[in-house]
Amino acid sequence: MATKNKKHSALRGWSIAFGVILLIVGVLSVYYGVNNYTPAEGYYGNGKEWKSTDRFYPYYADMPTLTLKEGQTKLKIMQITDAQLKFGTFTQDTQTMDLLDKALSVVKPDVCVVTGDLTLSLFASGTVDYFCKFLESRKVYWCFTYGNHDSEFSLSKYRHSQIFSKYKYCLFDGGPSNIKGESNYFVKVNNSEGQLLYALCMVDSNMYPDSRTGITEMVYDEVSAEQADWYEWNINGLRGYKSDLQTMAFLHIPFRSYVDMYYDIQNGVVTKYNGFVAEEGWTFNNPYSGTKIEMPGIFCQGGNLTADYNGGGYTLYDKIVALGSTKTVMCGHDHLNNLRGVDKNGVLLAYGRCCGYHTYPFFKNKDDMPIFHGIMRDVLGYKENQLFFDLWVDPYTGKRMEKGVTVAEVDLSDDNYGATEIYDLSHGTLSEGKIVKEYPIETN
C-alpha cells in the first residue's frame with residue numbers, strides 16, 4: 001500500500017510540474033503574441049501612406065520639431081548606439097545606464113539620437129519602457145531609428161511605436177506605411193521664431209534579407225529604392241522652406257560607401273579621417289567573377305548578397321551625393337569600429353561609439369567568466385577581439401578602448417553654416433565630469 005501511495009504521490013507531483021510548465025508556456029505565448037502584434041501585414045509605420053505626388057506642406061506641418069532657444073546657433077546631438085539592453089535594471093545594463101546618465105549630465109545635448117539596437121531582449125517591452133522613462137525624467141528630446149535586433153525577438157515595431165507615443169520628449173515617427181522600414185522620418189530643427197534651420201533624417205536600414213540562412217550569418221538588408229525616393233521628396237520639399245538647407249542622416253547599418261572610404265584611406269585618396277576599423281574582416285566569394293574578395297570588418301548593407309556587386313548598398317547614398325543636402329551620415333552596428341572621415345564625394349561618414357555593456361566586447365579578459373568563452377566563440381561565432389575588452393585597442397596607439405557615446409556639434413550661424421565637429425566621450429572621463437574629445441573630426 002505504501003508503495004502504491006508513493007507512486008500516486010510521484011505521479012501527482014509530475015502532473016503538477018507538467019501543469020506549471022504548460023501554464024508558463026501559455027503565459028509566455030500570450031505575452032509574445034501580444035507584444036509582436038501588428039495591425040497590418042508588412043510595414044505599418046505611422047499608418048499613413050505616402051505618394052510622390054502628395055503636397056509637402058501637410059507633411060511638413062506634422063513633422064516632429066525640435067525648437068532651439070532664442071539666439072542659439074549651435075546644435076548639440078548625442079548619439080546613443082548599440083545599448084542592447086536586456087532588462088534595464090539588472091547585470092551589466094546598470095553600467096550602460098550609468099554611462100548614459102553621466103553623458104547626459106556632462107554633455108547636456110539638445111537632442112539624443114538612438115541609432116538602433118536599443119534592446120536585444122526576450123522582454124523588450126518593459127526594457128524599452130524603462131529606457132523611455134529614463135530619458136523622459138531627464139527632459140531630453142530624443143529620436144530613434146531601428147537596428148537589426150530591436151524587433152528580432154519579442155516586440156514588434158508597431159508595439160515599439162505605441163510605447164514611444166506615450167512620451168512627450170520622444171520625437172519618433174513610424175514613417176509612411178507603404179514603404180520599406182518603420183522609422184523613416186525627418187525632424188525639423190527650428191529657431192525660436194519657427195524658422196527652419198536644419199533637419200535630421202532618420203532611416204530604417206532594415207534587418208535581414210529573405211535569403212539569410214542562419215542567425216550567425218553576417219548578411220544584412222539594405223535601404224530600398226522607395227525609401228531613397230521618399231528621402232529625395234523630403235529634401236526637395238524642405239528646400240522650399242530653406243533653399244540651402246543642410247541635413248544629417250542617422251541609420252543603424254552602414255552604407256557600402258563606408259567600405260569604399262576604408263579602401264580609399266588605405267590608397268591615400270581620402271586624407272581627412274580619424275578612428276579605425278577593429279572588427280575582423282571576412283572573405284566574399286563573388287559569384288559573378290568567381291574570385292574571392294577580402295572585405296574589411298565593416299558589416300554593411302547588402303552584406304555578401306549576390307546583388308551587392310550589382311549596385312546594392314548604394315541606393316540611398318547615391319541620392320545623398322546627388323542632392324548635396326546631407327553632409328553627415330552617422331551609423332552604429334559594428335561595435336569595435338569608430339572610423340569617421342570625409343569621403344571622396346564630400347560626405348562625412350561616421351560610426352558612433354558603442355555604449356552597451358551587455359554586448360561585445362563581453363569580458364574583461366580571458367580570466368573573466370571563462371565557462372562562457374567557448375559557447376560565445378564556437379556556438380555564436382564571436383571572435384577573440386569581440387570577446388575581450390583587453391583586445392579592444394586603438395591599433396595606432398595601443399590605447400584600450402572604453403564604452404562611450406558620440407557627440408556631433410553643428411554650427412547653424414550664417415558665417416559658418418553646417419560646419420560640424422564629431423567626437424567620442426568615454427565612460428571613464430565622463431565619470432570624472434570631463435569632456436575629453438576622442439577621435440575628433442571637423443568639417444567646414
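A: In this predicted model, helix H3 (residues 93-107) lies across strands S2, S3, S14 (404-411) and S15 (420-426), and runs at about 175 degrees to S2.

The strands under H3 belong to an open sheet of six strands, ordered S4-S3-S2-S14-S15-S16, with mixed pairing. Its edges are strand S4 (141-145) and strand S16 (438-443), each of which pairs on one side only. From one strand to the next, the twist averages 20 degrees. In general, strands of a sheet pair through backbone hydrogen bonds, in either a parallel or an antiparallel way.

Strand S2 (residues 74-80) and strand S3 (residues 111-115) run parallel and are joined by four bridges. Leaving aside residues up to four places away in sequence, Ile77 touches Val111, Val113, Leu200, Met248, Phe250, Thr406, Val407, Ala408 and Val410.

Ile77 also belongs to the largest nonpolar core, which has 125 residues. Together with Leu75, Phe131, Trp142, Tyr198 and Leu200, Ile77 touches the most other members of that core.

Methods:
Residues are numbered from 1 along each chain as its sequence is written. This is a predicted model: local features need pLDDT of at least 70, side-chain atom pairs count only at pLDDT 80 or more; totals for chains, interfaces and linings use all residues. Side-chain values use heavy atoms; hydrogens and water are left out. A nonpolar core is a set of buried Ala, Val, Leu, Ile, Met, Phe, Trp, Tyr and Cys residues joined through side-chain atoms within 4.5 Å. Buried means under 20% relative accessible area, exposed over 50%, partly exposed in between (1.4 Å probe, protein chains only). Contact means heavy atoms within 4.5 Å. Two strands pair if DSSP finds at least two bridges between them. Helices (H or I, at least four residues) and strands (E, at least two) are DSSP runs, numbered from the N terminus. Axes are lines fitted to C-alpha atoms, for helices over the stretch in contact, and angles run from 0 to 180 degrees between N-to-C directions.
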